[in-house]
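Q: I am new to this structure and would like a close look at one part of it, the pockets and the residues around them.

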Amino acid sequence: MALSLAVSPCPNDTFVFHALVHGLIPGAPPVDLTFADVDVTNTAALDGTFDLVKVSYAALPWLLDDYELLHCGGALGRGCGPLVLTNGRTDLDGATVAVPGDRTTAYLLFRLWAADQRPARIEVVPFHQIMPGVADGRFDAGLVIHEARFTYQRYGLTALVDLGEWWESDTGLPIPLGAILAKRGTVDPAEATGWIRESLRYGWRDRSASHDFILANAQEMEPAVVRQHIELYVNEFTLELGKDGLAAADALLGRAAAAGLTPAVPSFL
């Protein structure tokens, strides 16, 4: 039986899962791969659609009854947080803000940061439309993730806030962005963790092996941006969340529950 896997087409995910998807990990089952933006996988996981799935940490309070958090394969780090971009605007009172999803970690961080501001409207918009939309005035501000931190200046935009810097200065912890979940009763978490870690180690040993796969799915990203993306988002937390990674998840979801933004979840520590 093939293992159904859903991740994003972003370079960090294609780098991590290349070897597993291509049958290069001894003992791992064949994989039926689906590419989808994280806002799509957050929703699909509610229905238990996939055996292994990449979701936002912000979505975990609605998913942990059916899925278990794996301690590898996800996206956490420092200096890699979401940005709030504007076309010169210096506050968000009365603003229309474009966001990439209503259960993304980026939006949860935004809501925690913007608790004392008064945006007039939030619009969920496909990620690729956010920066052009802010640049041409359709939106007053946009919440962006991933490679946008390397390219937003091309649109003439400025960063009102780096939510990663805000989070790290406030907590001292890395930013918990994307999590890998295993479906309970379908996937053995220990086995899945082993497959993913071996896939990551394979990628680190032979970086050329995944090159074509990454570029074919990188949504027209330039090779230099692809390299920056992988260097930033594939790191020690991808191999093992560790105490700091789990503490970061606790801090994010604990603050969100205290603010009434998400249901409470048990500690991961």
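How do the residues of the lining of the largest pocket divide into nonpolar, polar and charged?

A: The residues of that lining divide into 23 nonpolar, 10 polar and eight charged. Here Ala, Val, Leu, Ile, Met, Phe, Trp, Tyr, Cys and Pro count as nonpolar, Asp, Glu, Lys and Arg as charged, and the others, Gly among them, as polar.

Some notes on the model come before the details. This is a predicted model, in which local features need pLDDT of at least 70 and side-chain atom pairs count only at pLDDT 80 or more, while totals for chains, interfaces and linings use all residues. Residues are numbered from 1 along each chain as its sequence is written, and side-chain values use heavy atoms, with hydrogens and water left out.

The largest pocket holds about 880 Å³ of space. Its lining has 41 residues, and F127, H128, H146, E147 and Q219 are the closest to the centre. Two or more lining residues come from each of α2 (38–46), β3 (52–56), α3 (105–113), α4 (127–135), β11 (175–183) and α9 (223–233). The most come from α4, which gives four residues. A pocket is found on a 1 Å grid over the protein atoms alone, as an open set of points where a 1.4 Å probe fits, with protein on both sides within 12 Å along at least five of seven lines; lining residues have an atom within 4 Å of a point. Grid points are joined across faces, edges and corners, and the volume is the space filled by probe spheres set on the points. Helices (H or I, at least four residues) and strands (E, at least two) are DSSP runs, numbered from the N terminus.

H146 is marked in a record as well: UniProt, in an unreviewed entry, places the feature "active site" there. UniProt positions are given in the numbering used here, with feature names shortened, and annotations may be inferred rather than shown by experiment. H146 sits in the loop between β9 (141–144) and α5 (148–151). Its relative accessible area is 17%, so H146 is buried (buried means under 20%, exposed over 50%, partly exposed in between, with a 1.4 Å probe and protein chains only). Beyond its neighbours within four places in sequence, H146 is in contact (heavy atoms within 4.5 Å) with C10, H229 and Y233.

The unreviewed UniProt entry also lists K54, V55, S56, T105 and A106 for "binding site". From this set, the lining of the largest pocket takes in K54, V55, S56, T105 and A106. K54 lies in strand β3, and V55 is placed in strand β3 too. K54 is buried, with a relative accessible area of 7%, and V55 is buried at 0%. Leaving aside neighbours within four places in sequence, the contacts of K54 include A6, N12, D13 and A75.

Two or more of its lining residues come from α8 (211–216) and from α9, and α9 gives the most, with five residues. This lining divides into six nonpolar, two polar and three charged residues. T14 lies in helix α1 (residues 11–21) and counts as buried because its relative accessibility is 1%.
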